[in-house]
Amino acid sequence: MSENLHRRALQLLAKARVEGLADSERDWLSAHLQDCEFCNEHAKQTDRALRALRTAAIPLPVDLASRTQFRVRLRAMELREREPKRRMLWLACAASWIFGIASAPFVWRLFEWLGQLTGAPKLVLEVGFGLWWTIPAVFAVIVMLLEGVQRSEEPGWMKPGR
Amino acid sequence: MLMRDETKSIARGLQKRDPDLLDRLIEQYQYRLFRYLLYITGDKARAEDFFQETWIRVLERGHQYDGKSKFEAWLFAIARHLVIDWQRTKKAQSLDALTDPEQDKPLQIANESEPSPLHQVLAQESEMNVQVSLGKIAAIYREVLVLRFQEELQIEEMAGVLSIPVSTVKSRLYRGLDALRSALHEGAA
């Protein structure tokens, strides 16, 4: 039997498990397997290997689930404790924005007065006025970044590959 | 439809960080997740660490799961990314770079004088030759074989877990089957 026929049979055996076969391919393969001992053995061997892969019994480490559940609950508590703080942070930001909008005309007058006093160009005043509004957001970003740094400094047991 | 309802309810529970749901999911998926991690890391202690860390991520990022795909596919994707991130901190580019046989870097085994934990575990099976052969296969191929034939994920789901195109999943499966055949042949010789 030619080498090409074996190669095709092996390719179809793999294809059957990856993508599935067309009817004509399946017919050709089963006819070939009936005649070819080598390919038939290969098919059986692959079946055995995949069956073994499916049925491989891997012992679970003792208490893995309960230890994990404990850690997850601890982390959940930690996150819950942080949530009200974060809510307060956003509330404070929102309040300061509202106050900022309400007080904008007065703040602009203050900037104008400072401009007259120092002789600063109007562009600088406008930029300064814009920056004034970003202060709550900058503050919130700083707090969140600090929280991120805190997380990355968590104890080693909380990280994989300790 | 039933599966869809189940995944939607998991998504809702994860949004709320429901502790009872998480307990149940940890129980339910402990075996499959640990087995997957053991196959891709080849190290029992490391697999344990990643197992715990994966569930912490599930808690923290549960709101990102939309319930449109299988929960296990999302879970395995998280686990895999954790392993890859860890590999990167060990100055490797990715799991693939560490384990691609064409780069001549097989899966690292902690103590080469002893059988690896994976080999020890696999050797307990009655079909020892087959199992040991599986342990010899490069991790990227073993991983696709595990996802396809143990976890029975669809090719598209695997592509999602592995963040690679469907065509690459297929080619890895073909190579994995080929590698399995070669490993078996060597084992029998």
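Reader: Start with chain B. Of its contacts between residues at least 6 apart in sequence, what share joins residues at least 24 apart?
Author: In this predicted model, 65% of those contacts in chain B do.

Reader: What's the secondary structure of chain B?
Author: Chain B has 10 helices and zero strands. Read from the N terminus, the elements go α-α-α-α-α-α-α-α-α-α.

Reader: How much of chain B is buried?
Author: Of its 189 residues, 42% are buried.

Reader: Give me one. Is Ile137(B) buried or exposed?
Author: Buried, because Ile137(B) has 24 C-beta neighbours inside 10 Å, and 20 or more is the cut-off. Ile137(B) sits in the loop between helix H7 (128-136) and H8 of chain B.

Reader: What does Ile137(B) touch, leaving out residues up to four places away in sequence?
Author: Arg142(B), Gly176(B), Ala179(B), Leu180(B) and Ala183(B). There's also a C-alpha separation to note: Ile137(B) and Leu177(B) are 40 residues apart along the chain, with 9.7 Å between their C-alpha atoms.

Reader: Helix packing next. How do H2 and H8 of chain B cross?
Author: Helix H2 (residues 19-41) and helix H8 (residues 139-150) of chain B have axes that come within 8 Å and cross at roughly 160°. That angle makes H2(B) roughly antiparallel to H8(B), since anything over 145 degrees counts that way. The crossing of H2(B) past H8(B) is right-handed.

Reader: Which residues meet there?
Author: From H2(B), Arg35(B), Tyr36(B), Tyr39(B) and Ile40(B). From H8(B), Ala139(B), Arg142(B), Glu143(B), Val146(B) and Gln150(B). By type, the residues of this contact are five nonpolar, one polar and three charged. Arg142(B) is also one of the residues that Ile137(B) touches.

Reader: Now the interface. How many residues of chain A are in contact with chain B?
Author: 32 residues of chain A, in contact with 42 residues of chain B.

Reader: Which helices of chain A supply at least two residues each?
Author: Helix H1 (3-18), helix H3 (37-55) and helix H4 (64-118) of chain A. H4(A) gives the most to that side, with 10 residues.

Reader: What's the makeup of the chain A side?
Author: It divides into 18 nonpolar, six polar and eight charged residues.

Reader: Last topic, confidence. What's the mean pLDDT of chain A?
Author: 81, and 88% of the residues of chain A reach 70 or more.

Reader: Where is pLDDT below 50 in chain A?
Author: Over residues 154-162 of chain A. That stretch has 12 contacts in the model beyond near neighbours in sequence. Where pLDDT is low, the predicted coordinates should not be read in detail.

Technical notes: Residues numbered from 1 in each chain as written. Chains lettered and ligands numbered in written order. Predicted model: local features only at pLDDT ≥ 70, side-chain atom pairs only at ≥ 80, totals over all residues. pLDDT = per-residue confidence, 0-100. Contact = placed C-beta atoms within 7 Å. Helix = DSSP H or I, 4+ residues; strand = E, 2+ residues; numbered from the N terminus. Nonpolar A, V, L, I, M, F, W, Y, C, P; charged D, E, K, R; others polar. Axes fitted to C-alpha atoms, helices over the stretch in contact; angles between N-to-C directions. Parallel < 35°, antiparallel > 145°, perpendicular 65-115°, else oblique. Left-handed = near helix turned anticlockwise from the far one by under 90°. Buried ≥ 20, exposed ≤ 12 C-beta atoms within 10 Å, placed from the backbone.
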